[in-house]
Amino acid sequence: MTAHVVNVVLSGVFHASILFLVSAGLQVVFGVQKIFNLACGSFYALGAYVGVSAVGWYLEAGGPPALFIAPLAVAGLAVGAVGVVVERGLLRFVYDRDETFQLLLTFAIVLMMEDAIRLTWGTSPRSTSGLYLTYGRVGVLGTTVPVYNLIVIGASLAIALLIGGLLTRTAFGRIIRASADNREMAEALGVDMRRLYATVFALGTALGTLGGALVIPATVAMSEMGIELIVEAFAVVVIGGLGSMRGALVGALVVGVLRSIAISVYPELEMLLIYLIVIAVLVLRPRGLFGGPRA
Amino acid sequence: MSGRFVLALALGATVLAPLVAPTYHVLLMLPFMAYAVALLGLNLLFGYTGLVSFGHALFLGVGAYTGAFLTSVFNVRSMETILAAAAALGALVAAPVGALCVRYVKIYFGMLTLAFGMVFYTFVLKFYRLTGGDEGMPFLRPALVGRSLEDLPKTDYLVGPYYYYSLAVLVLATLVMWRIVRSPFGLCLKTIRDNPTKAETLGIGVARYRWCAFVISAVYAAVGGALLGPPTGNVDPTLAYWTQSGNIVFMTLLGGFASFFGPVLGAFVFIYLQDWVMSVVPFWRLIFGAILAAIVIVAPGGLAGFWVRRPPVEASSP
Amino acid sequence: MILRAEGLRKLYGQFCALDGVSLAISAGEFVSIIGPNGAGKSTLVNVLTGVLRPTAGTVTFRDRDVSGIGPARLARLGIARSFQLVQIFPDLTVLETLQAAVVSRLGHGTRLFASLAADRAVREGALEVAELFGLGPKRHVRARHLPQGDKKLLDVASAFALRPQIILLDEPTSGVSTADKTAIMETLVSASRRIGVQAIIQVEHDMDIVFGYSDRIIALHEGRVLADGPPATIEADRRIVDTVIGRRARAR
C-alpha cells in the first residue's frame with residue numbers, strides 16, 4: 001500500500017517538475033510583458049522534438065549513452081533562442097494592444113508551431129528509445145523509481161532555486177521585478193525595454209523547451225503534446241496565481257500530484273478534477289494562491 | 001444601399017448554389033452555415049459586449065451532443081425538437097456558467113470560460129460509456145419539418161432538404177440577431193462594451209446585461225453545434241476542445257468583429273480557405289496561423305474592416 | 001431633506017480619507033464641495049454615488065439607506081453623476097449615448113427584440129436633452145470625434161437624461177477653457193430647471209464658479225468638514241480662506 005502511494009506521488013512529482021518549468025516560463029512572461037502566452041505548450045513540444053534529435057545525433061556521433069542528458073539539456077536550452085525570433089518578429093507589435101489580441105497572437109503561434117513541428121519531424125511519434133532506464137532504478141520506500149525521474153525532479157528544483165535567486169538577488173532580477181510592477185517607472189529609470197522583453201521572452205521560452213527536452217526520455221514526442229500541455233500549465237498558473245513564481249511551484253505540485261492520484265484511483269476524473277479546482281480558485285480567489293492583492 | 005445589394009446577391013447565390021455548384025462545395029456550405037449561426041452569437045459577446053470567450057466550443061459541444069443523444073439514444077428524430085432542446089440546454093448550461101464568468105473581464109473572463117470548456121471536453125472524453133469517448137456518438141439523420149427523408153441517399157439529403165433547412169435556420173437566426181443588436185437591449189450592451197463604468201452610472205446593470213448576452217450567445221452556439229452534427233453523422237469531443245474555441249474566435253476576427261456580418265463572412269472564408277489550403281499543402285495550420293498573426297498585427301478590423309472603413313458599431317438611426 | 005450623510009468614514013488601509021463627514025442636502029439647493037487636493041472630495045463623491053461603501057456611517061436618500069448599493073441602482077433611484085475625467089462611449093453617437101440613458105430610465109433595456117429606432121419615447125427623450133445641451137446638430141457624431149468641451153457636455157447631458165432628483169457633478173468645468181466654463185454652467189443650470197432636478201452637488205476648483213452659482217458651500221479638509229454655509233459666510237471666514245481657498249484670496 002505504501003509502495004503504491006509512494007509510486008503515485010513520485011510520478012506526480014516528476015510530472016510536476018516538468019509542469020513547473022513550462023509554467024515558470026509562462027509566469028515570467030506574464031509577469032513582465034503581461035501576455036498570457038498560449039504558445040508555451042508549443043515551445044515545450046519543440047523542446048521535446050529537438051531533444052530527440054539532439055540525443056539521436058549525439059549517440060550517432062558515438063557519445064557515451066550514460067551522458068545523454070548533457071546534449072539533451074543543452075539542446076533544450078539552446079532552442080529557447082526561438083523565443084527571441086518570436087518576440088522580435090511578432091509579439092513586439094502588439095504590446096500596446098488589448099490583451100485579447102495578444103492572446104490571439106499567441107494562439108496564432110500555437111497553430112504555426114504545430115505544423116512547423118510536423119513539417120520538420122513528420123507526423124509519427126518520436127522517442128529516445130531505451131535511454132530512460134540508462135541510470136537504472138532505485139528503491140524508495142518499498143517501490144522502485146527510474147533514477148532519471150529523480151534527476152529531473154532535482155534539476156527542476158535546482159532551476160526553481162536558481163530563478164528565485166536570480167529574481168531576488170541580482171540586478172537583472174530587480175529590473176524584472178521593477179518592470180513587472182510598473183513599466184513606465186522602469187522605463188523612466190532607463191531600463192531598455194526592448195532588450196528586457198526579448199531577454200525575458202527568451203528565458204520563458206527556454207524554460208518551456210528545457211521542460212520538453214527533459215520529459216522526452218520518459219515519453220514520446222507527439223505533435224499534439226503542446227496543445228495538451230498548455231491547458232495543464234494554464235491550470236497551474238491559475239491555481240498558483242498569474243505571474244507568481246512560488247505560485248508556479250505550488251500549482252505544479254498540486255496539478256501534478258492530484259492528476260497522478262486521480263489516474264490511479266478513478267481515471268475518469270483525471271483532468272476533470274483539475275479544471276474544477278481551477279474554476280473554484282478563479283471564482284473564490286481570482287488572483288490564485290500566490291497572486292497579488294488586487295481582486 | 002450597396003450593402004443590401006451585396007446581401008441580396010449573397011443570399012441569392014446561396015439559394016441557387018445546390019442547383020449549379022459542384023456537390024463538394026455545396027457540402028462545405030453546411031459547416032459554414034452552422035458556424036455562422038454560432039458566430040452570430042459569439043459576436044454578440046465579442047463585438048457588441050466586449051467579452052472574448054475562449055470556451056465557446058463548450059456550447060457547440062452541448063448542442064451537438066444534445067442532437068446525438070436525442071437521435072441515437074432516445075430515438076427523437078425531429079430536427080425542430082433537436083434544435084429547441086439544444087437551445088434550451090445551451091441556456092441551461094450557460095446560466096450558471098455565465099453567472100460566474102461575467103464577474104470577470106478580459107483575460108480572467110477568457111481563462112474562466114476556457115476552464116469551463118475544458119471541463120465539458122474532459123467529461124465527454126472520459127465518460128465514454130455515456131458519450132462514446134474519443135470515438136464520439138452517432139448523430140442519426142434527423143427528420144425535417146416532420147418528414148423522415150430516410151430513403152434519400154445521404155448526399156441528396158444533405159445538398160437538398162438539409163441544405164435549405166440549415167439556410168432557413170441561418171436566415172432566421174440572422175434576423176433575430178439583427179433585431180437584438182438594434183434593440184434598446186442591444187444599445188445597453190454597446191454602452192457596456194465601450195465603457196462599463198459609465199454604463200453603470202447610467203443605471204445599466206452591467207453584470208446582468210453581460211449575463212444575458214452570454215446566455216443568448218450560448219443558445220446560438222448550441223444551435224450551431226446541433227446543425228454541425230447531421231453532415232458528418234457523428235459528434236466527437238474535438239468539437240469542444242479549447243483549440244476549437246480558439247478557431248471560432250479566429251473566424252470572428254478574420255471576418256471582422258466590428259461588423260454585424262463580419263463573423264458570417266469570417267466563417268465562410270475560413271471554411272473554404274481551409275479546404276483549399278488543405279488540398280494544396282497538408283499544413284493548413286501554418287498558413288492559418290500566419291494569417292491570424294497578420295490580422296492581429298496589421299488589420300484587427302478583419303476582412304469587413306477593408307470593406308467598410310468605420311469603427312465598430314453601425315448607427316442605429318438614420 | 002433629500003440626501004443625508006451621517007458620520008461617513010472611509011479608510012484605505014491605514015489612510016483615513018473621510019473622517020466623520022456629515023452633510024444634508026435639501027430640495028432646491030446648489031451645493032459646492034471644495035477643498036485642497038487630498039481633502040477627500042473624490043472619496044466623498046464616490047461614497048455618495050454608491051461606488052464605494054463607507055467604512056462607517058450611512059448615506060440616506062429620501063429616508064432610504066443607500067450606502068454602497070452601487071452606482072447602477074442609485075442611478076435608477078434618482079441620483080446621477082458625471083465624472084471629473086470625462087467618461088463617454090467612444091463608438092456611440094451623441095444620440096445613442098442619450099438614448100442609452102433614457103432606455104435605462106424608462107426600463108426599456110429588457111426589450112430584446114423591440115426596435116430602438118422605433119422607440120419614440122426613448123428617441124424624444126434623448127432629443128430633448130440633446131437640444132437642452134445644444135448637442136442637437138451633433139447628434140449623429142460619434143462621441144470619440146467630439147471636441148473636448150462637447151465630450152464633457154455629453155457626459156453631463158447623459159446624466160441629465162436620467163431625469164435624476166439629485167445630480168452630482170465632479171468638476172463639471174475641469175479641462176474646459178475659461179471662456180467655455182460659464183457657458184457650460186449656464187446650460188447646466190437651465191437644463192436642471194427644465195428637467196426638474198431638485199438638487200445639484202458639485203465638486204469644483206474654480207472659485208468663480210463656486211461662488212457664482214452655489215447656494216451653499218461645504219469645505220473639506222483632511223477628511224473632515226471644515227465649514228458648511230452660504231458663500232458669504234465662507235468668504236468671511238479667514239480660516240477657510242487660508243486653508244482652502246488661498247489662491248483666490250490672494251488674487252483679489
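How are H2(B) and H10(B) oriented relative to each other? The model is predicted: local features need pLDDT of at least 70, side-chain atom pairs count only at pLDDT 80 or more, and totals for chains, interfaces and linings use all residues. Residues are numbered from 1 along each chain as its sequence is written, with chains lettered from A and ligands numbered from 1 in the order in which they are written.

**View 1. Packing of helices H2 and H10 in chain B.** Helix H2 (residues 23–46) packs against helix H10 (residues 206–232) at an angle of about 170 degrees, their axes lying 7 Å apart. H2(B) and H10(B) are therefore roughly antiparallel (over 145 degrees). Axes are lines fitted to C-alpha atoms over the stretch in contact, and angles run from 0 to 180 degrees between N-to-C directions. Helices are DSSP runs (H or I, at least four residues), numbered from the N terminus. The residues of this contact comprise 22 nonpolar, 4 polar and no charged. Nonpolar denotes Ala, Val, Leu, Ile, Met, Phe, Trp, Tyr, Cys and Pro, charged denotes Asp, Glu, Lys and Arg, and polar the others, Gly among them.

**View 2. The contact between chains B and A.** Chain B contributes 34 residues and chain A 35 (C-beta atoms, placed from the backbone, within 7 Å). On the side of chain B that touches chain A, H5 (106–126), H11 (242–255) and H13 (284–298) each supply at least two residues. H5(B) gives the most, with 14 residues. This side of chain B divides into 26 nonpolar, 5 polar and 3 charged residues.

Notes: Parallel < 35°, antiparallel > 145°, perpendicular 65-115°, else oblique. Contact = placed C-beta atoms within 7 Å.
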